[in-house]
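Open the structure in a viewer and keep the selection tool at hand. The tour goes from single side chains to the whole chain.

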Amino acid sequence: MFRACSFSLTRSLHTIIVGSTALVLSIDLTSAQIIDITQHNVSLPEDVDAGRAIAGDMDGDGDIDFVINDFVGAAGAYLHRIAWARNDGTDNWTVLPVSNAEQGLETFDVGDMDGDGDLDIITGSYGHISVAPTFPTFPTFPWNPFFPFPGIGVPQDGDGAGIRVYSNDGQGSFTSNTIVGSAGAKYTQTVAVADLDRDRDLDIVFVQDRTVNRIAWIPNNGNGTYDSVRVATQEDDLYPRTFDIGDVDGDGYVDIVAKAYPGSSLVVGAADGGQIISLKNPGGRAGPWEKIVVPESDLLLMQENLYLADMNQDSFLDVVGISEWGNGNYGYHPGDGTGNFGPVIGAGSDLYWEGLHVVDFDGDGDLDQFRTSPNANALIYEIWQGGAVAQVQTLSAPRLAEPQSDGSGIFTADVNGDGQLDIVTFGAEITWYEVTVSNPSGGGNGNGGGGNGDGGEVIDNAGSTSEDAISLGVLGDGQAQINFDTLQSSIDTEIALFYPDGRLAAENDDFNQTLQSGFGFSSMSPGTWYIAVGQYDTVFADGFSATGGPPGGTIALTVNSNESTRARIQETGAVWFSFEIRPNPLGLPPERPVALGALGDGSLPLQFNTLGSTLDTQMALYGPEGNLLIENDDFSGTRQSGFSASDLTEGTYHVAVSLYQTIFRDGFSVQAPPQAGSFVLRYGENQSVQGALPADGVRWFSFEVLPRVVPEVALADVWLSGGRINMSWETDSGMSYRVQRSSDLQTWQNVGRVRAGTGALLQHSTTLTNEKAFFRVVIP
C-alpha cells in the first residue's frame with residue numbers, strides 16, 4: 001500500500017531554454033522557499049531539441065555548458081546525435097556536434113574517463129528496429145515504456161548499436177572510441193559511469209533489454225583501454241530499463257539499483273508495474289552480484305527517473321522515483337543500510353510526471369525534490385526538513401514541451417556562475433531559472449545563504465600556494481565540527497587538509513558516491529589550517545604539497561553546507577585555502593571579568609603591570625570592540641609584563657593576564673597555557689589586586705573610561721543690540737575660556753579664539769541669523 005507522504009525527485013538531465021517569468025504559489029516563511037524567479041531561454045536552432053541534457057564545463061572556461069541528446073531522424077529513421085551547447089559566459093549559446101547520428105542513441109553520461117581533467121562523454125545506442133516509428137501527437141497515454149513511440153515494431157539484431165567514449169581535448173573537441181560494438185551493445189537502454197572496482201578510474205555501467213536482458217559494466221584500466229564486459233545479472237525476460245549507483249550496504253563499494261519489467265508484454269500499454277532490484281557489488285572485478293527484489297516496487301513506473309538518495313536522514317540510501325507512465329505515483333523506498341529496502345512511502349497524483357531531481361536546494365542539510373509535469377506546465381518544488389516534506393511550491397514552467405522523441409526533465413546547476421544553484425528544464429527547449437530563496441535558518445541557496453562575496457564571483461590569481469591561500473576566516477574553536485565539501489563544483493575534485501605546520505592531515509575523493517570530495521573534523525587545535533583542492537587525480541603530501549592539474553578549472557568549496565567560495569585551480573595544480581581555529585571564535589566579550597571600576601577619562605596614560613608576581617606572565621589590552629590594542633612580555637627587563645595605555649576613548653576595556661607563551665588575537669581571543677597560578681596586577685594610581693589564573697590559563701579584568709566632561713561657565717548676561725546677540729561671563733585670572741556654537745545641543749563647534757581670563761567680565765558678540773543656534777562658554 002502507498003503510505004501517505006508527498007515528495008518528488010528528478011534525475012533526467014535534459015534542459016535548455018527560458019525567458020523572464022515569476023512563478024510562485026503557497027508562501028509560508030516557516031521554511032526556505034523560492035520567493036523570486038527569472039526565466040532565461042537558451043536559444044537552440046529550430047531543428048535542435050534536447051531529449052536529455054547534462055550540465056558540465058566542457059571547454060574548461062569556467063562556464064557551465066550543456067551536453068544534449070538531439071533527435072535528427074525523419075520518417076522511417078529513429079536517429080539521434082550527441083551535441084553540446086557552449087556557454088560563452090554571457091548567456092549566449094552555440095550548439096556544436098559531438099557524435100554522428102545513430103539509431104536509438106538515447107542515453108549518455110559525462111565523466112573524466114582518461115584522467116586528464118576534462119569531461120568526456122559516454123554514449124549508448126540501441127541499434128536498428130524493424131518497423132519505422134510513427135510520431136503521434138504527445139502526450140499519448142497509456143503507452144508501453146519499452147518503445148520510444150507507440151506503434152514501433154520489434155527490434156531486429158541491433159545493428160548500429162554501440163557503447164562509445166568521446167574523449168575531450170579540453171577545448172570541446174571530441175575523439176570517438178567504440179568500447180563495445182553492435183553484438184555486445186544492442187538494445188542498450190541506459191548508460192552511466194562510476195568507479196565500481198575502487199581503482200580510481202570511472203567504469204561504464206549499462207543495461208540492455210529484449211533478447212539480451214542484462215545489467216553489466218566495463219572496467220576502465222586507466223590507460224585508455226577497457227577490460228571485458230562484466231555481468232552483474234542476466235535473466236531471460238528481465239527487461240531492465242534504468243538504474244542508479246551508490247553504496248547501499250555500506251561496504252565501500254558502489255552498488256546498482258535498477259528498475260526492470262520482467263516478462264513484460266510487447267503490447268502497447270500492457271506492461272505491468274515491474275520491480276526494483278538491488279544488486280550488491282562483491283568488490284573488485286568479481287562476481288556474481290547478490291540480487292534483492294524491493295517489496296511493492298511495482299508502484300513506481302520509472303523509465304529514467306530512479307535516484308539513490310537519503311531522504312529520511314537515517315544515513316542510508318533510499319530508492320526515489322516517479323511513475324512516468326500509467327499512474328501519477330511518486331515516492332521512495334527506505335533503505336536499511338544492508339542493501340534491502342522497505343515498501344514505498346509516497347503518494348499519487350493526477351499529474352503526468354516526466355522529470356525528477358533530488359538536491360539540497362536550500363542548503364539546510366535536507367535533500368529537496370523537484371518534479372515536472374509537461375501536460376500541466378507545472379514544476380513542483382518540495383522542501384524537505386528533518387526527513388519529511390515541510391512545504392510544497394507549484395511553479396509555472398511553460399517550456400516543458402517534449403521533443404520529437406523522448407521526454408523532458410529537470411536538474412540544477414550554477415549556470416551563471418554566481419555561486420547559487422539555478423533550475424534547468426529541458427525537452428523541446430532548454431530553459432534555466434535564476435531564483436532567490438528565502439531561508440529563515442540563514443543558509444542555503446539564493447539570498448538565504450552566503451557564498452563568496454555577495455555575487456559568488458570566481459576568485460582568480462589567488463591560492464596558488466599555502467602562502468597565498470584564500471582566507472576563509474575564523475571557522476570555530478577546538479570543539480567545533482567543521483565540514484568541507486565541493487559538491488557544487490562541476491569538475492571531478494579531490495581535497496586535502498593540512499596541519500598548521502604543513503603535515504598532511506587528511507584527504508578525500510568521491511564524497512558520498514559523487515565525483516566531488518569532502519570531509520568533516522572536530523577537536524582541531526588552535527592555529528591556521530590549510531585546505532587544498534585539485535582535480536582528480538591530485539597527489540597530496542607533507543610539506544604543503546599538492547601536485548595535480550590541469551589549471552583553469554573552477555571549484556566551489558562549501559563550509560558547513562552554508563558558505564561557498566568559488567575559485568579557479570592555479571598553475572600549481574591546486575587552489576589553497578586557509579582558516580583559523582581559535583578560542584572564542586565569535587569574539588564575545590569575556591564573562592564575569594574582575595571589575596577595576598572607572599579609571600579616568602583617557603586624558604592621562606594608564607599604567608598596568610604584574611611586577612612583584614612570581615609567575616612568568618604576559619598581558620594584553622583589548623578595546624571596547626574586542627580589538628587587540630597592546631600586548632607585552634618581559635616588562636622592564638623582568639619576567640613580568642606591563643604597558644602604558646594612552647589616548648583611550650570612552651568605553652569598556654579588558655585586560656587579559658596569562659602565562660608566558662600565550663597567543664593574543666583580535667576578538668577577545670586568547671590561547672594560553674592551561675596552568676593555574678597567582679599573580680598581582682598593579683594599575684592606575686598605586687592600585688593593585690591579587691589575581692589567580694583559572695583552568696583555561698587566562699584571567700580577565702575590565703575597566704571603564706568615562707566621557708570627558710567639559711566645564712561650562714555660567715553666562716552673566718545676554719542681550720540683543722543692533723541686530724546682534726551679545727553675551728558676557730565672569731572670569732578668573734589665569735584661566736582660559738572659549739565660546740562654542742551648536743544647532744542641536746549635541747555637536748559643538750568652536751567660535752573664535754581661546755580667551756584668557758582677567759578677573760573681569762569677558763564679552764562675545766555675533767550677528768543674528770534666521771538659523772537656530774545655541775551658545776555656551778567652556779574652559780578648554
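**Charges over rings**

Select R776 and W748: the charged end of R776 sits over the ring of W748, 4.2 Å from its centre. A charge counts as over a ring if NZ of Lys or CZ of Arg is within 6 Å of the ring centre and within 35 degrees of the ring normal. This is a predicted model, in which local features need pLDDT of at least 70, side-chain atom pairs count only at pLDDT 80 or more, and totals for chains, interfaces and linings use all residues. Residues are numbered from 1 along each chain as its sequence is written, and side-chain values use heavy atoms, leaving out hydrogens and water.

Go next to Y499, where R503 lies over the ring face at 4.1 Å from the centre.

**Aromatic pairs**

Rings of Phe, Tyr and Trp (its six-membered ring) pair if their centres lie within 6.5 Å; planes under 30 degrees apart count as stacked, over 60 as edge-to-face and the rest as tilted. The count by this rule is 24 aromatic pairs. Select F608 and F643: their ring centres are 5.6 Å apart and their planes at 45 degrees, so the pair is tilted. F608 belongs to strand 43 (residues 606–609) and F643 to strand 46 (residues 642–645), so the pair ties together parts 35 residues apart in sequence. Strands are DSSP runs (E, at least two residues), numbered from the N terminus.

Are these two buried or exposed? F608 is buried at 1% relative accessibility, and F643 is buried at 5%; buried means under 20% relative accessible area, with a 1.4 Å probe and protein chains only.

Then select F66, W93, F411 and F426, which form one aromatic cluster.

**Whole chain**

Zoom out: buried residues make up 55% of the 780 residues in the chain.

Key:
Helix = DSSP H or I, 4+ residues; strand = E, 2+ residues; numbered from the N terminus. Buried < 20%, exposed > 50% of the residue type's maximum accessible area, 1.4 Å probe, protein only.
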